[in-house]
Amino acid sequence: LRFMKDYLKTRGIKDFSFDDISKDFYYDFIEYGEDLGYSKNYLGSMMQKFKTVVRSAYDEEIHQNREFKKGYFKKFREDINHPYLTEDEILKLYKLKIENTYLDNIRDTFIIACYTGLRIGDLMSFLKNPKIETFNGRKHIHIIQKKTLKPVFIPLKQIILNILEKRNGSFPYYIHVNLINKNIKPLLKLCEITEMYEIEKTIGGKRTIIKKPKYDLISCHSARRSFCTNAYNNGVPLQDIMAISGHSSEEMVLRYIKASAKEKAKRASDHAFFS
């Protein structure tokens, strides 16, 4: 809504209705975002949300403009080589000596995110009211996902059990995601996760390469990406990864798997077919 209001104000459009949606509007809307320097995926997300509203209004018979059904009127996205943390890098973070209780809490929360694959909103909700169930000889996190409303049981890796033992059986206390994103970067820097990393993406309609130290590109969302990629590299079947991550399709979960070509080849070579 904010994006749409800014667009109309900038273009000097005072009256805009569903009937004004056209091919000219579609491409001008995108050009407006590109001129502001937004990424291709951000603009694609804005178009997806806009199209959802238009389709819903059409279904409710608020308008009869079928322009949104045409082939050009689509959401668009590009795959981006976002970084993830390897298990060795996560282990470095786990072993880092931290005297500050607040930063220690952030470190432990981030590691739990790396080994549960939870959406950050679900993890934050869980930490406010943790629920553990034990079956099949293992402890599991039990949540109802906000996005899908489906129950999920996530087995706890030993490294998480160690964190709980350190905390006398308790999970880290809740800290806002913005504070985790801000403070996890300097902690990873202390772990010497400092190699330069290049991300290639379309910004403002132009292909752009962003080069930064790896630690500076890590956020809470990287933890979910790390879970999916590390699980995949360790041979966990996609269907089992999906059962934990909550992705609805293999296509969606594959977007989170950032394994390199060599890592994928190694996984394939370990298969019995190549024996």
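The side chains of aspartate 104 and arginine 107 form a salt bridge, with N and O 2.6 Å apart. A salt bridge here is a side-chain nitrogen of Lys or Arg within 4 Å of a carboxyl oxygen of Asp or Glu. The model is predicted, so local features need pLDDT of at least 70 and side-chain atom pairs count only at pLDDT 80 or more, while totals for chains, interfaces and linings use all residues. Residues are numbered from 1 along each chain as its sequence is written, and side-chain values use heavy atoms, leaving out hydrogens and water.

Aspartate 104 and arginine 107 both sit in helix H5 (residues 101-114). They are three residues apart, which means a separation of about one helical turn. Helices (H or I, at least four residues) are DSSP runs, numbered from the N terminus. Both residues are buried. Buried means under 20% relative accessible area, exposed over 50%, and partly exposed in between (1.4 Å probe, protein chains only). For aspartate 104 the value is 12%.

Aspartate 104 also pairs with lysine 166, the closest N and O atoms being 3.1 Å apart. Lysine 166 lies in helix H7 (residues 158-166) and aspartate 104 in helix H5, so this pair ties together parts 62 residues apart in sequence. Lysine 166 is partly exposed, at 43%. A network of salt bridges links Asp104, Arg107, Asp108, Lys166 and Arg167.

Another salt bridge joins glutamate 67 and lysine 70, with the closest N and O atoms 3.2 Å apart. Glutamate 67 is buried, at 16% relative accessible area. Lysine 70 is partly exposed, at 43%. The search of the whole structure finds 15 salt bridges.

How values were computed
Helices (H or I, at least four residues) and strands (E, at least two) are DSSP runs, numbered from the N terminus.
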